Amino acid sequence: MDVMNQELTALAWTGLHVSPWKLIGLSGATLFALRWLVQFVAARNAGAPVIPRAFWVMSLLGSSMTLAYFLFSSKQDAVGVLQNLFPAFTAAYSLWLDLRRPRRRAEPDAGLGAAPRSSGS
């Protein structure tokens, strides 16, 4: 058995079989789940539904980590691979689109108490 599938003896006190691959899979699943907290905070701050870039980064990293777990650990589970393959592709594509889009500079909104701009006369 390779080192990545061997139990980490330092974590034996937990009573769980924890291997390096399992830590990678659990970290990926946690990252994938926490992206919704990032999206919630961004939407609450914007007062509208928005998806920040961090959401796509967390989606890509989380699904890639869990995909690696299901591909390379002793699990090698086809269901887990399929379950994480599409989200990884979708997150990578969405992140690529987001990175290609030019960022707009923040401009004061007259509806939020900012003084209207004069025409220069």
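How many aromatic pairs does a search of the whole structure find? Five. I'll come back to those rings in a minute, but let's get our bearings. And keep in mind, everyone, that this is a predicted model.

So, the overall layout. We have three helices here and zero strands. If you start at the N terminus and walk along, the order reads α-α-α. The chain has 121 residues, and 26% of them are buried. The chain exposes about 8,900 Å², and 65% of that comes from carbon and sulfur atoms.

Okay, back to the rings. A pair of aromatic rings is described by two things, the distance of the centres and the angle of the planes. Look at Y69 and F70 on the screen. Their ring centres are 5.1 Å apart and their planes sit at 65 degrees, so the pair counts as edge-to-face, the cut-off for that being over 60. Y69 is buried, and F70 is buried too. Then there's a cluster: W36, F55 and W56 form one aromatic group together.

Some rings also have an arginine over the face. R35 does this with F32, at 3.7 Å from the ring centre. R100 does it with W96, and there the figure is 4.6 Å.

Now let's zoom in on L71. Where is it? In helix 2, which covers residues 53-72. Is L71 buried, exposed or partly exposed? Its relative accessible area is 37%, and because that falls between the 20% and 50% cut-offs, we call L71 partly exposed. If we skip residues up to four places away in sequence, L71 touches Q76 and V81. Take V81: it's 10 residues from L71 along the chain, and the two C-alpha atoms are separated by 6.5 Å.

You'll find Q76 in the loop between helix 2 and helix 3, with helix 3 being 78-100. Q76 has a relative accessible area of 56%, and that's over 50%, so it counts as exposed. Here's something to look for in the backbone: Q76 has a positive phi of about 40 degrees, although it is not a glycine.

Note on methods:
Residues numbered from 1 in each chain as written. Predicted model: local features only at pLDDT ≥ 70, side-chain atom pairs only at ≥ 80, totals over all residues. Heavy atoms only, no water. Helix = DSSP H or I, 4+ residues; strand = E, 2+ residues; numbered from the N terminus. Buried < 20%, exposed > 50% of the residue type's maximum accessible area, 1.4 Å probe, protein only. Contact = heavy atoms within 4.5 Å. Areas by Shrake-Rupley, 256 points an atom, 1.4 Å probe, with all protein chains shown as cover. Phe/Tyr/Trp six-rings, centres within 6.5 Å; stacked < 30°, edge-to-face > 60°. Lys NZ or Arg CZ within 6 Å of the ring centre and 35° of its normal.
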